[in-house]
Amino acid sequence: MLARIAARSAVRAPRAAMTPVAARFYSENAFNKKEKAHEDQYARQHEKEQIEKLRKQIAQKQAELEQLQKQHNELQGTSEKKQ
């Protein structure tokens, strides 16, 4: 019986084959989550900047429209006075 145990232990795989190829200090899943979080943060920031830019353009166009309406009303008023 001891002969069988000794024979089996001698046939074991070498330790080099049992060690992992690359030791990581983080898991793939955690890295993927972190990378996705950074991408999401960048996308939100970019969208926020785009929205702010559009709001400024809207405010500018509204001011321009008000000025044009004021000019139109003034022209309407002067044309009614002449009639």
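**Overall organisation**

The model is predicted. The protein chain contains 3 helices and 0 strands. Read from the N terminus, its elements follow the order α-α-α. Helix α2 covers residues 15–18, while helix α3 covers residues 28–82.

**Surface and burial**

The protein chain has 83 residues, and 0% of them count as buried. Its accessible surface is about 8,700 Å². Carbon and sulfur atoms account for 56% of that surface.

**Salt bridges**

Side chains of opposite charge can pair when their charged atoms come close. In this structure there are 2 salt bridges, and they are set out below.

| Salt bridge | N to O distance | Position in the chain |
|---|---|---|
| Aspartate 40 and lysine 36 | 3.0 Å | helix α3, 4 residues apart |
| Lysine 61 and glutamate 64 | 4.0 Å | helix α3, 3 residues apart |

What separates aspartate 40 from lysine 36 along helix α3? These two residues lie 4 positions apart in the helix, so about one helical turn separates them. Their side chains meet with a distance of 3.0 Å from N to O. Aspartate 40 is partly exposed, because its relative accessible area of 31% falls between the limits of 20% and 50%. Lysine 36 is also partly exposed, with a relative accessibility of 49%.

The other pair joins lysine 61 to glutamate 64, and its closest N and O atoms are 4.0 Å apart. Lysine 61 and glutamate 64 are 3 residues apart in helix α3, so they too are separated by about one helical turn. Is lysine 61 buried or exposed? Lysine 61 counts as exposed, because its relative accessibility of 54% is over the limit of 50%. Glutamate 64, at 40% relative accessibility, counts as partly exposed.

**Confidence in the model**

The protein chain has a mean pLDDT of 81. Of its residues, 64% reach a value of 70 or more. Where in the chain is confidence lowest, and where is it highest? Confidence is lowest in helix α2, with a mean of 56. It is highest in helix α3, with a mean of 92. Where pLDDT is low, the predicted coordinates should not be read in detail.

Key:
Residues numbered from 1 in each chain as written. Predicted model: local features only at pLDDT ≥ 70, side-chain atom pairs only at ≥ 80, totals over all residues. Heavy atoms only, no water. Buried < 20%, exposed > 50% of the residue type's maximum accessible area, 1.4 Å probe, protein only. Areas by Shrake-Rupley, 256 points an atom, 1.4 Å probe, with all protein chains shown as cover. pLDDT = per-residue confidence, 0-100.
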